[in-house]
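User: I would like to learn how to read a few features of a protein model. Could we go through them one at a time?

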Amino acid sequence: MHPDISVVISTYNRSKMLAGTIESLLRQEGSATFEVLVVDNNSTDDTAAVVRSYEKQSPLLRYVFEPKQGVSYGRNAGIAAARSDLLLFTDDDVTPDPRWVEQAKALFENKPEYGCIGGKVLPLWPAIPPSWLTRDHWSPLALLDYETGMVLNRANRKCLITANMGIRRTVFAQIGYFVPRFQKTKGSTCSMEDRELQERYWTAGGQCWYDPGLVVYADIQPERLGKDYHRKWHYAHGRLYALLKDPETERSGFRVLGLPGHVIRQLIEESAAQALAALGGHSDVAFGHEVKSRFSAGFIRQRLFG
């Protein structure tokens with residue numbers, strides 16, 4: 001008998017954090033039947049042994065191995081192995097709410113017109129975050145909180161993220177799986193495979209639903225509280241956006257060397273604003289301008305030089 005929900009986690013060399021995620025899933029409350037597929041994305045630590053030990057304890061858990069490095073490959077392997085037509089994705093550093101699976105099932109059932117559902121990803125801080133790390137800087141931490149429920153589509157192109165995202169199998173049948181070109185791999189700081197998938201779905205006429213009642217909590221790694229991580233993330237994000245060819249980003253009144261003119265203008269204006277803020281002693285404001293200029297720099301670098 002097929003479960004109501006298949007939970008998919010792609011993991012690489014995070015066995016200690018993964019154990020906490022698995023335990024939180026095995027403690028889920030409610031009547032929804034589900035399985036948990038942990039996809040070992042070619043880990044070199046004791047991930048296999050950790051998952052196998054839980055697999056012996058619970059029939060809910062299934063171990064899947066994917067040798068191709070990259071989270072898109074891992075998630076795609078999980079989709080292929082899943083027994084349910086409703087797939088629920090999360091990450092190996094996440095603790096879902098105790099009724100997460102039950103709530104996801106209810107959303108799928110009550111909102112059949114939506115192919116994707118998702119919700120909040122809230123932080124579990126390892127320490128008090130620095131003053132500059134406001135909600136404006138949550139994207140590099142893979143955090144999400146739109147506060148109110150809403151439809152996401154071509155008219156409202158806010159994005160769900162795969163730390164807390166459910167997708168019907170019919171969506172994959174319609175538009176295909178995650179594209180590895182946009183994935184996060186070993187050593188990279190940024191990915192956009194979830195955004196790219198939603199863009200394809202919206203282009204095909206699909207709609208997603210964001211529900212603030214569907215909640216997971218993400219462990220924030222200490223190194224992500226530093227500015228260097230955020231600098232690297234925004235530069236990499238700009239490069240991925242150049243590959244994505246996002247319709248809103250591509251729209252421009254003029255182009256230079258094939259580049260949208262507003263991207264060049266943003267680089268100039270944000271760099272100037274950063275310098276002025278720094279001269280005025282407003283370091284937090286300066287950093288906000290800096291990361292925007294780094295996004296533009298990454299975009300331009302990718303378009304001009306690949």
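User: At roughly what angle do the axes of helix H7 and helix H10 cross?

Analyst: Bear in mind that this is a predicted model. Two packed helices are described by the angle between their axes and the distance between the axes. Here H7 (residues 227-244) and H10 (residues 283-305) cross at roughly 35 degrees, and their axes come within 7 Å. The crossing of H7 past H10 is right-handed.

User: Which residues of H7 and H10 meet?

Analyst: On the H7 side they include His230, His234, Tyr241 and Leu243, and on the H10 side Phe287, Glu290, Val291 and Arg294. Sorted by class, this contact has 9 nonpolar, 7 polar and 7 charged residues.

User: Now a strand. Which way do the residues of strand S8 point?

Analyst: In a regular strand the side chains alternate between the two faces of the sheet. In S8 (residues 165-168), Met165 and Ile167 point one way, while Gly166 and Arg168 point the other way. All of these residues are buried.

User: Which strand does S8 join through 4 bridges, and which through 3 bridges?

Analyst: The 4 bridges are with strand S4 (residues 86-90), and S4 and S8 run antiparallel. In that pair, Phe89 stands opposite Met165. The 3 bridges are with strand S6 (residues 116-124), again in the antiparallel sense. There Cys116 stands opposite Ile167.

User: How many residues of helix H3 are buried?

Analyst: In H3 (residues 71-81), 8 of the 11 residues are buried, so the helix is mostly covered; buried here means under 20% relative accessible area. Among the buried residues are Val71, Arg75, Asn76 and Ile79.

User: What do the buried residues of H3 pack against?

Analyst: They pack against strands S1 (5-11), S2 (34-40), S3 (61-65) and S4, and also against helices H5 (169-175) and H6 (193-203).

User: Which residues touch the most other members of the largest nonpolar core?

Analyst: Val7 and Ile167 do, in a core of 69 residues.

User: Leaving aside neighbours within four places in sequence, what is Val7 in contact with?

Analyst: Its contacts include Leu25, Phe34, Val36, Leu37, Leu88 and Trp100. Glu35 and Thr90 are also in contact with Val7.

Definitions and conventions. Residues are numbered from 1 along each chain as its sequence is written. This is a predicted model: local features need pLDDT of at least 70, side-chain atom pairs count only at pLDDT 80 or more; totals for chains, interfaces and linings use all residues. Side-chain values use heavy atoms; hydrogens and water are left out. Buried means under 20% relative accessible area, exposed over 50%, partly exposed in between (1.4 Å probe, protein chains only). Helices (H or I, at least four residues) and strands (E, at least two) are DSSP runs, numbered from the N terminus. Two strands pair if DSSP finds at least two bridges between them. Axes are lines fitted to C-alpha atoms, for helices over the stretch in contact, and angles run from 0 to 180 degrees between N-to-C directions. A crossing is left-handed if the near helix is turned anticlockwise from the far one by less than a right angle, and right-handed if clockwise. Contact means heavy atoms within 4.5 Å. Ala, Val, Leu, Ile, Met, Phe, Trp, Tyr, Cys and Pro count as nonpolar, Asp, Glu, Lys and Arg as charged, and the others, Gly among them, as polar. A nonpolar core is a set of buried Ala, Val, Leu, Ile, Met, Phe, Trp, Tyr and Cys residues joined through side-chain atoms within 4.5 Å.
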